[in-house]
Amino acid sequence: MPKKKLLFLLAVCLLLAACQGTRKGEQKTSVRIGISLYRADDTFINNLQSIFEAKAKEYEQENGIKVILDIQDAKGSQNVQNSQVERFISLGCDVLCINPVDRMDASAIIDMAMTAGVPVVFFNRQPVEEDMNRWDQLYYIGVDAKETAILQGKMVVDLYKEQPEAVDLNGDGVVGYVLLEGETSHQDSLIRTEWSIRTLKNGGVPIEKITGGIANWERSQGSALMEQWLSAYPGKIELVVSNNDDMALGAIDALERTKTDKVNVIGIDGTTPGLEALENGKLLGTVSANKELYATVMLEMAVSCALGESPPEEYPLEEGTYYWTPQEILIRETRKTEETPSQGK
Ligand code: BGC
């Protein structure tokens, strides 16, 4: 066959194949989702991943659409994550769920996704607004950091009002606290710290900062810092305010190692080990995001993007882009108090 004719036939075949996938009214029977986690060993992300996988199975059973998940660990490297995205696209993923390593540097991912026409649902680490505004097929699911922090502060304010001696443990009229902070580049760290402390102050708890430090969300780093502080400020620490449950658990590990009692520790997330510590009385309280809902919205958004449909109406998006997961205060004894509505802001 002459070369020209062969090329023509090939072009016709490619065109037909392309039309096949997009023919109107034709329902896809399977969707492929590429997921990249900033670190698979992060407790909160790990909890979310397990629920997401379970939801995908449920979805398959209920809707008869096969949901193929390709889950990758970026191990804290933005370059690794960019290569994973490149691979997802070359494998024909219909949609991507990305937990960015560097939330300030999502542009390479967005470039690749836009060129390939593959929608992206970002989660947990919020890309900057400028990036999010580049395309109408970019979404973000997370938890509103200011709301989280206000709830974290409120749990201590309410307790102080009811039982001041349960917060001012040595009864000297001042509550000495230390602060465990997450990664500096994460939107949650700064906002959580600022609003939690502000809420405590405005709520009338007589707090005094003893010291604080960055433990990058990690239990072991939280534990090391707490151990140093316990020996540097013996008898002074009454409250540990932690930006997440894992670092709070680290502080509890240090309290146990040094056989120190009478220190209140509060966290954020409501992770599995966090809830266990609450249950056995080691953690005073936490602010728990509704992870079932978080994962459900993520899955349903991803599937509707993959099917070329608009996002599910039952989960209203702020500015057509952002979904804020509701959260609740869980505190020892009193336990569950209140849940926020779906939209945090
Ligand atoms: C969670 C942390 C987690 C971090 C990872 C935060 O929102 O509270 O526990 O380590 O996200 O990005």
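Student: How do the residues of the shell around the ligand divide into nonpolar, polar and charged?

Tutor: This is a predicted model, in which local features need pLDDT of at least 70 and side-chain atom pairs pLDDT 80 or more, whereas totals for chains, interfaces and linings use all residues. Residues are numbered from 1 along each chain as its sequence is written, and side-chain values use heavy atoms, without hydrogens and water. The ligand is surrounded (a heavy atom within 4 Å) by residues including Tyr38, Phe44, Asp188 and Trp217. Counting Ala, Val, Leu, Ile, Met, Phe, Trp, Tyr, Cys and Pro as nonpolar, Asp, Glu, Lys and Arg as charged, and the others, Gly among them, as polar, the shell has three nonpolar, three polar and five charged residues.

Student: What percentage of the ligand's accessible area does the protein cover?

Tutor: Oxygen atoms of the ligand lie 2.6 Å from a polar side-chain atom of Asn124, 2.8 Å from one of Arg192 and 2.6 Å from one of Asp269. Of the 310 Å² that the ligand has on its own (Shrake-Rupley method, 1.4 Å probe), the protein covers 98%.

Student: What volume does the largest cavity have?

Tutor: A cavity is a set of points, on a 1 Å grid over the protein atoms alone, where a 1.4 Å probe fits but cannot get out. The ligand sits in the largest cavity, meaning that more than half of its atoms lie within 2 Å of the grid points. Taken as the space filled by probe spheres set on the points, the volume of this cavity is about 200 Å³.

Methods
A polar contact is a pair of N or O atoms within 3.5 Å; within protein, one must be able to donate a hydrogen and the other to accept it, and residues adjacent in sequence count only if both atoms are side-chain atoms. On a 1 Å grid over the protein atoms alone, a cavity is a set of points where a 1.4 Å probe fits but cannot get out, and a pocket is an open set with protein on both sides within 12 Å along at least five of seven lines; lining residues have an atom within 4 Å of a point.
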